[in-house]
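Let's walk through this structure together, one region at a time. Have the model open beside you as you read.

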Amino acid sequence: VDAQKSLTGIGELDRVLSGGVTTGSVNIISGDPGAGKTTLLSDLVAKMSTRMASLYCTAEESLSQFKNRVNRLKLTYDNNKLFLLSDTSVERIIDELDKQQIKFAVIDSIQAVVTETANGSPGSPSQVKSAAQALTQYCKQNNVTMFIIAHVNKNNEIAGPQTLVHIVDALLHIDTNDGQIRTLRANKNRFGDVDTVGIFRMCEKGMLSVDNPSEIFLSGSSTNSPGATITCIRKGNRNILLEIQCLTTENEAEYPQRVCVGLNMNRIKMLTGVLRKHTKTKIFHDTFFNIVGGLKIDESETCIDLALVAALLSSLNEFVIPRSSCIMGELSLNGDVRP
């Protein structure tokens, strides 16, 4: 039987799930505290309640807290089909799912619920594994779609046993970049590819899908000033234009400062070394690098080397790089531009 997918109405979530949520699938969503897991799933459960009986089980906060969030985000939902439950017992959660004939459920979170079939306190490996197995088994037998929130450890990896990832159909992770930008990616997806990235903006109305990310990462400035270049990076399977800004000022201290936001400092030092060696540029200035929109660039993203160097030279020599050009290329230590 082919897996049936339905669009959730949250554009970027549908994109990451490769065209909507699969009926009867069990999905985990993880992320740092404050990343927006509960916010995103509150929005999702409200949207789903207009189509089917939906349940949000909060094992971590009170029902009034949840209700306040729904009111604050001004979510539209069907009063007769949205059920709330504040319980930590897996057995009682399954009873409630059965009693109300629920077809869509959110569990918040797997580290807070306990099952009678396992020993240990909430969040212990045996509890997490047994609870996830019991919930998944119920969902598969009754064709219930479920989203489970999972905590992360300090390395930003999913907390608890690795078996948790094997049990479920999809594992989604929210990354918090500095500021309001959130990126959602699938680290595992049995019903689609895993190289798609969804981009959200966190604001008082909740997590808003960003359909055209390049708008955020370009300053939209109409004044042509030195030190700004536009480059392109690949996030998952989508290309994003972004703007790199560089400011150089004559330094008044003994040693020039190098400051960069969202970029790798070692890479910047290497590139300034390449510049000094091969173009005989003298850089006795304080240099400040910034990426518009608060995105963080991985060290492995080498295609922006040329744009960084161009921004630096543009600021040093006071010339403007036209906003109609996009600069890409990797620089090697002998000064070559590699494709």
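Is glutamine 101 buried or exposed? Glutamine 101 is exposed, because its relative accessible area is 54%; here buried means under 20% relative accessible area, exposed over 50%, and partly exposed in between, with a 1.4 Å probe and protein chains only. You will find glutamine 101 in the loop between H4 and E6, and its phi is near 55°, a positive value in a residue other than glycine.

A word on the ground rules. This is a predicted model, in which local features need pLDDT of at least 70 and side-chain atom pairs count only at pLDDT 80 or more, while totals for chains, interfaces and linings use all residues. Residues are numbered from 1 along each chain as its sequence is written, and side-chain values use heavy atoms, with hydrogens and water left out.

Now for the whole chain. Its secondary structure comes to nine helices and 17 strands; these are DSSP runs numbered from the N terminus, with helices (H or I) of at least four residues and strands (E) of at least two. The C-alpha atoms fill a box of roughly 75 × 40 × 40 Å along the principal axes. Of the 339 residues in the chain, 50% are buried. Among contacts (heavy atoms within 4.5 Å) with a separation of 6 or more, 68% are between residues 24 or more positions apart.

With 18 residues at 1.5 Å a residue, H5 should span 26 Å, and its end C-alpha atoms are 26 Å apart, so the two values agree; the expected span is 1.5 Å times one less than the number of residues. The buried residues of H5 include Val128, Ala131, Leu135 and Cys139. An α-helix has 3.6 residues a turn, so residues three or four places apart point the same way. The buried residues of H5 pack against strand E3 (26–31), helix H4 (90–99), strand E6 (104–108), strand E7 (145–150) and helix H6 (163–167). Just after H5, asparagine 143 takes a positive phi of about 55°.

A cis peptide bond, with omega of about 10°, joins aspartate 108 and serine 109.

Next, compare two serines. Serine 315, in helix H9 (residues 305–316), counts as buried because its relative accessibility is 7%. Its side chain makes a polar contact of 2.9 Å with the side chain of threonine 248; a polar contact is a pair of N or O atoms within 3.5 Å, where within protein one must be able to donate a hydrogen and the other to accept it, and residues adjacent in sequence count only if both atoms are side-chain atoms. Leaving out residues up to four places away in sequence, serine 315 touches Pro226, Gly227, Cys246, Leu247 and Thr248. Serine 300, by contrast, sits in the loop between strand E15 (285–291) and H9, and is exposed because its relative accessible area is 63%.

One more loop deserves a look. Lysine 74 lies between helix H3 (63–72) and strand E5 (82–85). Lysine 74 is not a glycine, although its phi is positive at about 55°, and with a relative accessible area of 71% it is exposed.
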